[in-house]
Amino acid sequence: MVVENANIDDVNLLTELRLEYLKEDHGKLSESDIEIIRRDLPNYFKKNLNQNIFCYLIREKEEIAACAFLLVVEKPMSPAFITGRTGTVLNVYTKPQYRHKGYARGIMNKILSDAVEKNLSVVELKSTENGYRLYQSVGFVDEVSKYHSMKWYNQ
């Protein structure tokens with residue numbers, strides 16, 4: 001199993017993999033959401049790929065079988081992230097026909113190895129029930145915080 005870093009030639013495939021992931025994770029997407037993602041996500045990747053978004057791939061039979069993204073952000077330092085550099089894992093996705101072959105584990109191990117090289121203080125993710133045991137097995141722990149996780153949505 002070879003885990004590769006995506007390059008600019010993979011932008012359209014990354015966009016389609018993101019859509020596959022979102023459809024599976026969120027259920028049916030609206031046609032307007034799909035249109036916006038297909039139109040704008042390639043430009044995001046072209047601008048940010050291998051700068052602050054790193055995309056990891058495993059190819060099988062000349063197609064991408066599995067992928068995951070690592071978003072790297074630099075924040076003002078704190079004891080919780082002393083280097084100021086943090087990572088967020090997004091879009092861990094294996095196509096259904098390639099599941100249960102260890103691809104997600106291979107990608108996660110590569111991401112964490114790269115996190116050390118990139119001097120990230122912390123790497124975080126949100127896990128589904130399906131991925132929970134995998135993430136625990138590679139070293140992720142549940143976060144307990146005195147803070148409430150909150151969001152604001154621009155509507």
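Q: Which residues of α3 are buried in this predicted model?
A: The structure is a predicted model, and a residue counts as buried when its relative accessible area is under 20%. What covers the buried residues of α3 includes β1, β2, β3, β4 (85-94), β5 and α4 (129-137). The buried residues of α3 are Tyr 103, Ala 104, Gly 106, Ile 107, Met 108, Ile 111, Asp 114 and Ala 115.

Q: What span does α3 reach from its first C-alpha to its last?
A: Helix α3 has 15 residues. At 1.5 Å a residue, the expected span is 21 Å. The helix in the model is close to that expectation, reaching 21 Å.

Q: Is Asp 114 buried or exposed?
A: Asp 114 has its place in helix α3 (residues 103-117). Its relative accessible area is 7%, and the cut-off for a buried residue is under 20%. Asp 114 is therefore buried.

Q: Which residues does Asp 114 touch, not counting residues up to four places away in sequence?
A: Asp 114 belongs to helix α3, and the residues in question are bridge partners, one of them being in β2. Once residues up to four places away in sequence are set aside, Asp 114 touches Asn 5 and Tyr 56.

Q: In which sense do β1 and strand β2 pair?
A: Strands of a sheet pair through backbone hydrogen bonds, and the sense is either parallel or antiparallel. β1 and strand β2 (residues 53-60) are joined over 2 bridges. In β2, Tyr 56 is the bridge partner of Asn 5. The sense of pairing between β1 and β2 is antiparallel.

Q: Which strands are the edge strands of the open sheet?
A: The open sheet has 5 strands in the order β1-β2-β3-β4-β5, with mixed pairing. An edge strand of this sheet pairs on one side only. The edge strands are β1 (4-5) and β5 (122-124).

Q: At what angle does α2 run to β2?
A: Helix α2 lies across two strands of the sheet, β2 and β3. Its direction relative to β2 is given by an angle of about 110 degrees.

Q: Why is the pair of Phe 45 and Phe 69 edge-to-face?
A: The structure holds 4 aromatic pairs. In the pair of Phe 45 and Phe 69, the ring centres are 5.6 Å apart and the planes stand at 75 degrees. Planes over 60 degrees apart count as edge-to-face. The angle that makes this pair edge-to-face is therefore 75 degrees.

Q: How many residues apart are Phe 45 and Phe 69, which link distant parts of the chain?
A: Phe 45 lies in helix α2 (residues 31-48), and Phe 69 lies in strand β3 (residues 63-74). Phe 45 is buried at 2% relative accessibility, and Phe 69 is buried at 3%. Together with Tyr 44, these two residues form one aromatic cluster.

Q: Over the ring of which residue does the charged end of Lys 118 sit?
A: Elsewhere, Lys 75 lies over the face of Phe 81, at 5.0 Å from the ring centre. The charged end of Lys 118 is 3.8 Å from the centre of its ring, which belongs to Phe 54.

Technical notes:
Residues numbered from 1 in each chain as written. Predicted model: local features only at pLDDT ≥ 70, side-chain atom pairs only at ≥ 80, totals over all residues. Heavy atoms only, no water. Phe/Tyr/Trp six-rings, centres within 6.5 Å; stacked < 30°, edge-to-face > 60°. Helix = DSSP H or I, 4+ residues; strand = E, 2+ residues; numbered from the N terminus. Buried < 20%, exposed > 50% of the residue type's maximum accessible area, 1.4 Å probe, protein only. Lys NZ or Arg CZ within 6 Å of the ring centre and 35° of its normal. Pairing = 2+ DSSP bridges. Contact = heavy atoms within 4.5 Å. Axes fitted to C-alpha atoms, helices over the stretch in contact; angles between N-to-C directions. Expected span 1.5 Å × (residues − 1).
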